[in-house]
Structures are given as C-alpha cells and as structure tokens.
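The sequence and structure come first.

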Amino acid sequence: MLKVDNLNKTFHTAAGDVHAVRNVSFNADNGEMVAIIGASGSGKSTLLALLGLLDAPDKGSIDLDGVELANLDSGGRTKYRSSQVGFVFQQFNLIPNLSARENVLLALEYSHWPKADRARRADEMLALVGLDGEKSRRRPARLSGGEQQRVAIARAFAAQPQLILADEPTGSLDKSTGQKIVALLRSAASTQGATVLVVTHDEKVASQADRRLEIDDGVLAEIA
Amino acid sequence: MRSVGVVVILAVAIALSISMLIARDAVTTKINSVRASTGNTITVSPKGFYGYSGGGTPLTTAEVNDLLDLKNVTSVQESLSEELQSSQTSLKSPTPSGTLGGRFGNFGGGSGGSTGSDSSGTTFTIPVRIIGTNSPGNALVGGANGGGTEKLTSGTSFSPTSKSNVAIVGATMASKNKLKVGSTFTAYGKTVTVIGIYNSGSTFADSDVLMPLTSLQTLASASGQVTSATVVVNNVNNVTSVTKAINAKIGSKADVTSTEATTEAALAPLNSVKTISTYTLFGAVIGAAIILLLSMLMIVRERRREVGVLKALGAPNRSIIGQFIAESTTFTVLGAVVGFIIGAALSSPIASALVSSEGSTTPASGFVRGAGGFGGGGNGFTPPSGTRLPGGGLHATSVSNTLTTLHTSVGWSTLTYAFVFAVIIAALGSTVAAATIVRIRPAEVLRSE
C-alpha cells in the first residue's frame with residue numbers, strides 16, 4: 001500500500017521559488033489503479049518524480065508497504081527504484097540498440113532478479129503483453145508505437161515492483177491502441193498486485209481508473 | 001556512420017602520433033649511434049703542427065701512452081705521418097697536381113711524384129704519404145690521416161706491434177703504382193712488401209700507405225716520435241673532462257681538439273627533427289584525446305534521455321559509466337589499430353622528409369681538423385659523395401652522409417608508448433563521459449516528456 005503524507009517540493013529559480021508540490025497526501029492500495037489529472041505545469045511530473053524516487057521531497061513522507069522512502073539517500077533511492085518502482089513513459093523510452101526482450105532483461109538485471117530465471121521471466125512478461133515470439137527479438141525501431149508501449153509495460157512489471165508510474169502512457173498512441181494499453185495496465189496491476197498511478201490529461205483514460213485525483217498548482221484533490 | 005567517423009579521425013591522429021614516435025626513436029638511435037662512434041674521439045697533435053705541412057715538435061710514444069692512464073680513456077691510436085719525395089720512394093703519388101697544386105706547390109721537381117707547374121713554370125711533385133699506425137683498421141679515423149675507415153679488399157693487415165717492413169696501400173695508390181698483394185716498393189732505401197690493399201671510400205685516404213708504427217719510425221729515423229694521436233673516450237659525455245685532463249697533462253706540447261662540439265653541430269638538424277617530432281607527437285596525442293573527448297561529450301549529450309531512462313530503471317552510475325567507457329575504449333582500440341598500421345607505414349617517409357628538410361636548411365659544417373696545409377694536389381678536395389665541405393672536413397663528411405639515412409622500426413618501446421598513449425586518450429575521453437553522466441538527473445526524463 002502506498003501512503004503519501006504532506007509531500008512538498010519547491011524549486012528555487014532565478015525568477016523566484018516555484019512550489020511544484022504542496023502538502024500532497026493520498027493513499028493507494030495494492031492492485032489499485034489511480035489516475036492523476038492535471039494541466040501542463042500543474043506539478044504532475046514533479047509528483048511522479050518524487051513518488052518514483054527520481055527526486056527527493058523537501059518535506060513529507062512516502063510509505064510503500066511499510067517502508068519509508070522519502071528520506072533515502074541517492075544510492076538507496078536507486079536501489080529501491082530498481083526493484084520496487086516501474087515506469088511507463090509517454091515516449092516509451094526503450095533502449096534503441098536492444099531488442100524488446102533485451103530491454104526487459106535489462107530491467108531484470110538492474111533489479112538483481114536471479115540470473116538463471118531472467119530469460120523465463122522476460123518471456124513470460126512479453127507473452128503477457130502479447131509480444132512473444134519473433135517480435136520479442138525486434139529492436140524498438142521495428143515495432144509500432146503500441147507494440148513499443150507494450151514492451152515498456154512488460155519492462156515496468158518485469159521485476160514485480162510494488163509501484164508502477166505511468167506518465168501519459170497513451171499520449172503517443174491512437175485512441176484504440178491507447179484504450180488497449182490502459183486495459184493492459186489495469187490488468188497487469190491486478191494480476192501483479194501492484195499499485196498503478198497513471199498521470200494523464202485524457203478523461204477517457206482517467207475514467208478507466210479505480211480513482212481519480214486532480215492536481216492544480218501543486219495541490220492534489222480527490223475527484224468524486 | 002558517426003562511429004566510423006570518430007574512429008577514422010582518431011586513426012589519423014593516432015597514425016600521426018605513431019609516425020612521430022617511430023621517427024623520434026629512429027632519430028634518437030641515429031644520434032646515439034653517431035655520438036658513440038664519432039663524437040667520442042679527441043685528436044692530439046704536436047703544438048703548431050699543421051697537417052702535412054709540418055711544424056711543431058713531434059710527441060713521443062711515451063707521452064701519448066701516458067694518456068691511457070686517464071680516466072674514461074679506452075684506447076689511444078698513435079700515428080706518424082711522413083711525406084716522401086720522389087727521391088725517397090719508388091712510389092708515385094696518385095693525386096693529380098691540378099690548379100691548386102700549381103698555385104701552391106713548393107715541393108720542388110722530381111721524376112717520382114705527380115708533377116705540375118704554376119704560371120711561372122716552376123715544377124713540383126706531390127709527395128707520397130706514409131702513415132705509421134699502431135691501430136690498423138682505424139688508422140684513418142680522426143681526420144688528420146684522411147678520414148674514413150680502411151677496409152681490406154685483398155690481402156691481410158699487420159699487427160699493431162709489427163716491426164716488419166710491410167704495408168697496406170690505398171686502392172688509389174695501388175692502382176697508380178700497379179701494386180697488388182706481394183708487390184714491393186722502396187721507401188727510405190728499404191724494400192717494403194705490400195700485404196694488403198684497402199679501400200676507405202675516400203679518394204684522399206686511398207692515396208695513403210699504411211705501415212706498422214714502429215717500422216716507419218725506424219725507417220724514417222723517427223724512433224719514438226708520434227705526429228698524431230686519437231684518444232677514444234668511453235662515452236661522449238666524458239669528452240670534455242678528458243680533453244681537460246689531456247690539456248693538463250701535455251697541453252704545453254700538444255694541440256688538443258675534440259670532436260664533441262663539431263659533432264653536436266653536425267647533429268643539430270637531427271636534434272631539430274627530434275624536437276619537432278616530440279612536439280608533434282604530444283600535439284597529436286592531445287589532439288586525439290580532444291577528438292575523443294568531444295566525440296564522447298557529443299555522444300553522451302545526444303543520449304542524455306537514454307542515460308536518464310537507465311537511471312530511472314535503477315542502473316547505478318558506475319554501470320552506465322562503464323558502458324560509455326567501453327564505447328570510448330572500443331573507438332580508441334579501433335582507431336589505434338588502424339592508426340598504428342598507417343603510422344608504421346608512413347613513419348619512414350615522414351622521418352626521411354623531416355631529416356631532408358632540416359638537412360637542407362641547416363648545412364653540416366666540417367669538423368675535425370682536416371689535412372689542411374697540404375701543398376697542392378687536385379682541384380680542391382671532393383668528398384666521396386655529398387656536400388663539399390670547407391677546410392677538408394673529411395670526417396664530417398662521412399658523418400653527414402649518414403645522417404640522412406634513418407632506419408625506422410617498430411620496437412617494443414614504441415608499442416608500449418602507443419599503448420600508454422591509447423590508454424591516456426581513452427581515459428580522457430571516458431572521464432568527460434563519466435562526468436557528464438553523473439550530472440544527468442533521472443527526473444529530467446519525465447520533465448522533457
């Protein structure tokens with residue numbers, strides 16, 4: 001279970017302080033998919049970076065299954081991120097010179113997944129997203145946008161993380177493919193028992209989530 | 001394509017480094033070789049002695065032998081030079097009288113030598129030179145005796161301590177007098193047997209006759225007398241101190257001249273090439289490092305997102321840095337292999353071009369007192385080949401002729417240096433990549449979405 005309490009992040013710029021995240025608090029259960037909606041510059045990406053341990057908050061706590069993450073140092077965040085956090089990006093961000101299967105294997109390597117079981121796990125995850133067989137040996141450039149996002153989902157879930165952060169996962173896909181990807185995320189979340197946070201500005205995507213949160217000027221609020 | 005470009009540019013820079021390294025090694029070897037064989041001799045002559053024109057009081061064998069006791073002296077080559085008029089020998093000088101002989105000749109007439117006349121009709125004869133030596137094989141070294149190294153073309157030589165009336169004669173002298181091994185000629189009224197014919201590559205020196213020192217001293221009634229001594233020093237760096245020691249010992253009786261300064265002057269072009277190749281070498285290495293450094297900087301910046309993604313996935317900095325170090329090392333190794341092959345192939349022509357260029361701008365000057373004062377003969381001295389030098393610099397000529405002949409080769413030291421340079425280049429290139437990677441924050445990946 002994810003428990004976020006009174007999270008704050010301020011950037012000090014030449015133009016003045018920017019309060020990107022203000023007193024954000026919310027909970028999300030394992031297997032639950034939560035949508036975070038917000039306009040550009042509302043603080044979505046900053047909140048995602050804090051929750052994904054890519055950045056450290058100024059104040060507040062992030063509790064994931066009883067482990068406090070907000071105060072981890074850089075090394076600790078890297079280690080925890082490799083095993084407990086999965087990312088799905090708008091631009092897929094697959095490593096271009098690796099095949100689909102190698103991209104998934106890379107995540108398993110960083111998470112210190114048992115070496116002997118990595119290949120089986122990679123194949124299992126690729127089969128889960130419908131990319132087993134010949135396509136798993138293709139490099140990203142030879143896959144469609146939807147297929148690349150499927151690989152990204154397989155990569156994000158491969159190490160069985162507790163938290164999946166999806167940043168505009170359908171932003172680069174057509175409507176039909178986008179719906180399939182969201183469905184896949186939802187399915188994987190329940191199958192794997194992971195908490196999925198989807199940042200989106202697409203109401204249709206948000207409507208498929210179990211709960212919806214809206215962030216505006218760094219302040220998060222539940223949408224009924 | 002970009003990787004190929006980086007490797008090609010690196011290969012060119014490394015090829016230049018390698019060729020400069022090889023050229024520098026070749027020049028250094030040549031300099032050391034010349035110093036070891038040429039610059040380590042000191043010529044000792046009776047004070048006021050002026051070549052074959054004479055002058056001064058001869059040194060004694062005892063005085064010269066004392067020089068062997070000096071520190072760092074490895075050997076002393078003694079010689080007695082005698083000039084025989086036609087009345088003293090059956091030999092005829094092969095040296096033509098020529099214009100200079102006509103102008104300066106003052107040896108008087110006779111039927112045995114090479115004769116000529118000046119504008120007033122005065123006839124003269126070129127004398128025959130006989131050199132007594134205790135160092136057959138090196139008797140000509142030192143310049144005063146003609147320069148070069150005698151090489152037997154037939155017969156045998158004599159022992160350093162021989163007292164027999166035997167001689168080895170220069171090829172030119174032998175040809176002029178139709179001498180061969182076993183032939184005889186007369187000198188000071190005695191019969192001398194030819195036991196060998198030599199060729200030194202110098203027309204001047206090949207006109208000489210070499211005899212055992214003791215034999216000539218006896219024939220010429222010059223027992224114990226020496227007109228020239230060549231002191232061989234163990235290391236060119238000790239020449240100055242030994243010169244001082246000789247001056248302190250017999251400086252009042254002898255003129256002491258070392259070849260050190262003149263050797264350095266003759267080697268100046270090679271030293272210039274060495275300096276140029278050294279600077280170019282470091283310039284090329286630094287250039288290669290900068291090329292790789294900028295290339296890696298460009299590659300890392302272009303792959304900033306990829307680095308951010310890897311960090312987001314949990315990759316530690318060392319893992320990502322290791323990946324880029326592997327890439328820069330691969331570039332360097334490929335560039336080094338191609339560059340080494342090109343550099344090795346180009347090193348010889350580049351070294352030759354550098355030496356030729358320097359040689360043409362810095363003419364070698366004659367060194368070691370030559371056979372100046374010789375009373376005529378020929379139309380001026382012409383060295384065996386190469387540059388005409390003033391002052392009869394025979395020895396200098398033989399050195400300068402070999403300076404432009406460089407042997408380039410790839411040795412273990414070159415390979416070691418090349419490896420070290422490649423490591424330096426790769427390390428510099430990787431350092432920049434590493435520093436840039438460390439600064440990339442994974443959160444930037446999200447912000448740039």
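## Basis

Two residues are in contact when heavy atoms lie within 4.5 Å. The model is predicted.

## Contact between chain B and chain A

Chain B brings 18 residues to the contact and chain A brings 21 residues. The size of an interface is often given as the accessible area lost when the parts come together. Between chain B and chain A the buried area is about 1,800 Å², with 62% given by carbon and sulfur atoms.

Four residue pairs are in polar contact between chain B and chain A, both residues at pLDDT 80 or more. On the side of chain B that touches chain A, the elements giving two or more residues are helix 8 (304–312) and helix 12 (443–447) of chain B. Helix 8 of chain B gives the largest share of that side, six residues. By class, the side of chain B that touches chain A consists of ten nonpolar, two polar and six charged residues.

One salt bridge is counted between chain B and chain A. It joins the side chains of Asp55(A) and Arg441(B), at 3.0 Å from N to O. Both residues belong to a network of salt bridges that links Lys9(A), Asp55(A), Asp58(A) and Arg441(B).

## Chain B as a whole

Chain B has twelve helices and 14 strands. Of its 449 residues, 50% count as buried. Among contacts in chain B with a separation of 6 or more, 78% are between residues 24 or more positions apart. The accessible surface of chain B is about 18,900 Å², and 59% of this belongs to carbon and sulfur atoms.

## Salt bridges within the chains

Over all chains, the count is 19 salt bridges. In chain A, the side chains of Glu32(A) and Arg211(A) form one of them, at 3.3 Å from N to O. Glu32(A) lies in the loop between strand 2 (16–28) and strand 3 (33–37) of chain A and Arg211(A) lies in strand 9 (residues 211–216), so the pair ties together parts 179 residues apart in sequence. Glu32(A) counts as buried because its relative accessibility is 12%, under the 20% cut-off. Arg120(A) and Asp117(A) form another salt bridge, with the closest N and O atoms 2.5 Å apart. Arg120(A) is partly exposed at 43% relative accessibility, as is Asp117(A) at 22%.

In chain B, Glu327(B) and Arg303(B) meet through their side chains in a salt bridge of 2.9 Å, N to O. Glu327(B) is in helix 9 (residues 317–361) of chain B and Arg303(B) in the loop between helix 7 (260–302) and helix 8, 24 residues apart, and the pair links distant parts of the chain. Arg303(B) is buried, with a relative accessible area of 15%.

Definitions and conventions:
Residues numbered from 1 in each chain as written. Chains lettered and ligands numbered in written order. Predicted model: local features only at pLDDT ≥ 70, side-chain atom pairs only at ≥ 80, totals over all residues. Heavy atoms only, no water. Helix = DSSP H or I, 4+ residues; strand = E, 2+ residues; numbered from the N terminus. Buried < 20%, exposed > 50% of the residue type's maximum accessible area, 1.4 Å probe, protein only. Areas by Shrake-Rupley, 256 points an atom, 1.4 Å probe, with all protein chains shown as cover. Buried area = accessible area lost by both parts, 1.4 Å probe. Salt bridge = Lys/Arg side-chain N within 4 Å of Asp/Glu carboxyl O. Polar contact = N/O pair within 3.5 Å; in protein donor to acceptor, adjacent residues only side chain to side chain. Nonpolar A, V, L, I, M, F, W, Y, C, P; charged D, E, K, R; others polar.
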